[in-house]
Amino acid sequence: MQLATLFGRTLRQAPAEADTLATQLLWRAGMLRTLNDGEPVLLPLGSAILRRLAAILGTAVQNDGAQEIVVPTTSTASWSDTVTALARRDIDSYRQLPQLLWSWRCRKRLATRPRGLLDLPTPTTLSWAVLALDEEQAQQHLTATRNRLSTALRQCGLDHIAAALQAPGTATIIVDSLAKPVATLDCPACGFRAPLEQAPLAPLPPYAGPTLAMSLVETPGANTIAALAAYLGIPTAATAKALFFYDNRGQRLVFAVVRGDREASLVKLAAAINAGELTPASAEQIVACGATPGYASPIGIHDVLVVADYTVVNGTPLVAGANRPGYHLRDVVYGRDWEATLVADIAQAVVGDPCPRCGTARIEGYGAAIGTITAPQQTALPIQDAGGQNRFLWIAGIELDLEPLIHLAVEQHHDERGIVWPAAIAPADIHLVTIGRGEAIVTAAHTLAAELRNAGWSVLIDDRDERAGVKFNDADLIGAPWRLVVSEKLLAAGQVEVRRRTEAQATVIAQTKVLAWLRGVSITSRNKE
């Protein structure tokens, strides 16, 4: 690569739209730009980083025998559903297990708006899964692959991500980020973290109190939860909240029921029913299913997908709408008076809610969500074991987003002069700078670059007609591990100036010894690591 002809130039200042330090440095280094709609684009130098990162992580998952599949970019199925669908057609015996599959996919995830590499709505995702005969076999391969990926991430200078990859159970992989793109709920005791809109609620214990028969009660003007609770003199938690949405992808009406003191999480609801965009239902749509806006109830409605949150199905008597203006039903009990099409965790968790793992009150936090770990879980696919009996197949998986890793690497590795790339993922190993305008200098630089490339080093040549200070500043900004300088004076002496990006002083060595010198210091550095 040559800076003179490279697409993407360095900048003295980043534009106002680059609102994080890492994004600003990537912009200034000529690695990142945005389209008119704000979507980020990696330029050639940024693309080189992504390729090196992908190669390292891809090799890590293949070292346990994982086989690559190619998934259409138009597929909207989850990774687990994709792998399970393939297994249904091709696996029928324990002799075929375990099976390890991986793929590069565009994983759709929640994003409020395009905001650099941390908030891509469809990042490039390394997706890995194991299909196993039992939980132990699935866990064994999940642990092995997590360890390999953790080693690879540390090689890339991403130690904090390697640590997050070891989160227990099924979890969103969240790491601290200066950009704070995602609000989270964090447990200060056990460390469990989850994006605020996806944070699970701890299940309620079964209700053990008295249960009266359902009865009709007049509630004039009480067409909101607050008004209903005030009129009856009860807490909002003693009511059932009715929320209607329309699933534009599934072309269906959705009736979500949560406890009155809760809001529904659209993210959790959409995931539970595999929905597309959920929009508020119209009054006409609500009436068409037999419900009454403001007094809606799951009792007696039709042609609607009813999803009940766990907070309303533990047997507690609640006040619900009667599908009749000015009336509600008291002592409505799930399972006795009504049932849902689906029961799922769809309520929005809030600060102070107990951690579902240890019970400690959760606190507000911020971080970057960069993937998911799926602990071993049983599928509905039967598989024949060694004894000829049918058992259900187990699956576990990992998904890791790549582009956010570039942003996080810059957050972790920079100084006042620019980016300091870890050697494993730098856009080039060596930044070769020419000082002077003579043809001999340019020829010598390109000859040296060819020797370096033949020895396995990637080289970025800066033979632009610029001042030495501009070139040195750009080299520090771009952040390759090594800077080599060829000038008229050095050429006359048969020498080259060599400087590691992390060091202040340069070293002058004979041009004939450059390769041996670089190999020696690289081996020494690896041994120290």
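A salt bridge, as the word is used here, is a side-chain nitrogen of Lys or Arg within 4 Å of a carboxyl oxygen of Asp or Glu. The model is predicted, so local features need pLDDT of at least 70 and side-chain atom pairs count only at pLDDT 80 or more, while totals for chains, interfaces and linings use all residues. Residues are numbered from 1 along each chain as its sequence is written, and side-chain values use heavy atoms, leaving out hydrogens and water.

**View 1. Arg 148 and Asp 64 join up in a salt bridge.** Their side chains meet at 3.7 Å, N to O. Arg 148 sits in helix α4 (residues 135-155) and Asp 64 in the loop between α2 (44-62) and β3 (67-68), so the pair ties together parts that are 84 residues apart in sequence. Helices (H or I, at least four residues) and strands (E, at least two) are DSSP runs, numbered from the N terminus. Arg 148 is partly exposed at 29% relative accessible area, and Asp 64 is partly exposed at 22%. Buried means under 20% relative accessible area, exposed over 50%, and partly exposed in between (1.4 Å probe, protein chains only).

**View 2. Arg 262 pairs with Asp 353.** Here the closest N and O atoms are 2.7 Å apart. The pair links distant parts of the chain, 91 residues apart: Arg 262 is in the loop between β11 (252-259) and α7 (266-273), and Asp 353 is in the loop between β16 (342-344) and β17 (363-384). Both Arg 262 and Asp 353 are buried.

**View 3. Six charged side chains form a network of salt bridges.** Asp 415, Glu 416, Arg 417, Asp 476, Arg 499 and Arg 501 are the members. For the whole model, the count comes to 22 salt bridges.

**View 4. Ser 93 is tucked into a loop, buried.** This loop runs between α3 and β4, and the relative accessible area of Ser 93 is 12%. Setting aside neighbours within four places in sequence, Ser 93 is in contact (heavy atoms within 4.5 Å) with Ile 383 and Gln 384.

View 5. Most residues other than glycine have a negative phi, and most peptide bonds are trans. The bond from Leu 97 to Pro 98, though, is cis, with omega near 0°. Lys 180, in the loop between β6 (171-175) and β7 (182-186), has a positive phi of about 50°. Asp 331, in strand β15 (residues 327-332), has a positive phi near 55°.
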